[in-house]
Amino acid sequence: MRSPLHERRLRIACKDVPAATLYDVLHDTHYRKKWDSNVIETYDIGRLTANADVGYYAWKCPSPLKNRDFVTLRSWLPLGNDYMIINYSVKHPKYPPRKDFVRAVSLQTGYLVRANGPHGCTLYYLTQVDPRGSLPKWVVNKVSQFVAPKAMKKIYKAGLKYREWKQKHEPGFKPWVYPEQNMLPSISLAELSLQHADSLENIDESGLAEDRTHISDDEA
């Protein structure tokens, strides 16, 4: 029996991280490879508009679970001093499911960065993901109780270090802020279709025992 698809809602206050900085952290795929220890591979595929693109993300799952990957359409919108980013899974003909990953589905995922004055912000996170598989109940519980909250803390810590890192890595390059810098190939919406979970392989991992699985501090 498949686990129900729970909607996760989290928030974290980010003292000493301006809203614009945290917004940059959430966009910058090059920086993500530095702070996100769960990432296996991530890159932008192409752009739809000045504030929408398609990207790929592969995620390391705790052993012995199979690793997951996503192809998502992402859009973003500055709202004065606040920022919003949302994504959902799509199918792209050149990026079909891979044999070495389970293709998971983001039904809805969003970030809202709200400014708390000029030097701080609050990050709100909403996600509903279908991991495509019959996961053990203990896995679902661990993700909700430990993995997701720790991921929020990692984003906060990444925000504290981003400005120093960015000064050494193309400090003026922010295509999510300056669309004229975006050199990604253009994608037509006609090339994409909504990724329906029931069209993907369903992996039964419900029999995996908790004592066989280890979630390290990096994975959490």
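**Exercise 1.** Identify the side chain with which the side chain of Thr 127 makes a polar contact, and state whether Thr 127 is buried or exposed.

*Solution.* Step 1: the partner is the side chain of Thr 109, at 3.0 Å. A polar contact is a pair of N or O atoms within 3.5 Å; within protein, one must be able to donate a hydrogen and the other to accept it, and residues adjacent in sequence count only if both atoms are side-chain atoms. Step 2: Thr 127 belongs to strand β8 (residues 121-130); strands (E, at least two residues) and helices (H or I, at least four) are DSSP runs, numbered from the N terminus. Step 3: Thr 127 is buried because its relative accessible area is 9%, where buried means under 20%, exposed over 50% and partly exposed in between (1.4 Å probe, protein chains only).

The model is predicted: local features need pLDDT of at least 70, side-chain atom pairs count only at pLDDT 80 or more, and totals for chains, interfaces and linings use all residues. Residues are numbered from 1 along each chain as its sequence is written, and side-chain values use heavy atoms, leaving out hydrogens and water.

**Exercise 2.** Determine which residues have the most contacts inside the largest nonpolar core.

*Solution.* Step 1: a nonpolar core is a set of buried Ala, Val, Leu, Ile, Met, Phe, Trp, Tyr and Cys residues joined through side-chain atoms within 4.5 Å. Step 2: the largest such core has 24 residues, and Leu 22, Val 113 and Leu 123 have the most contacts inside it. Step 3: elements giving two or more residues to this core include β1 (8-14), α1 (19-27) and β7 (105-115). Step 4: a separate second core of 12 residues includes Leu 48, Val 54, Val 90 and Ile 187.

**Exercise 3.** Characterise Val 102 by its element and its accessibility.

*Solution.* Step 1: Val 102 is placed in strand β6 (residues 102-103). Step 2: with 6% relative accessibility, Val 102 counts as buried. Step 3: its C-alpha atom is separated by 9.9 Å from that of Trp 59, 43 residues apart along the chain.
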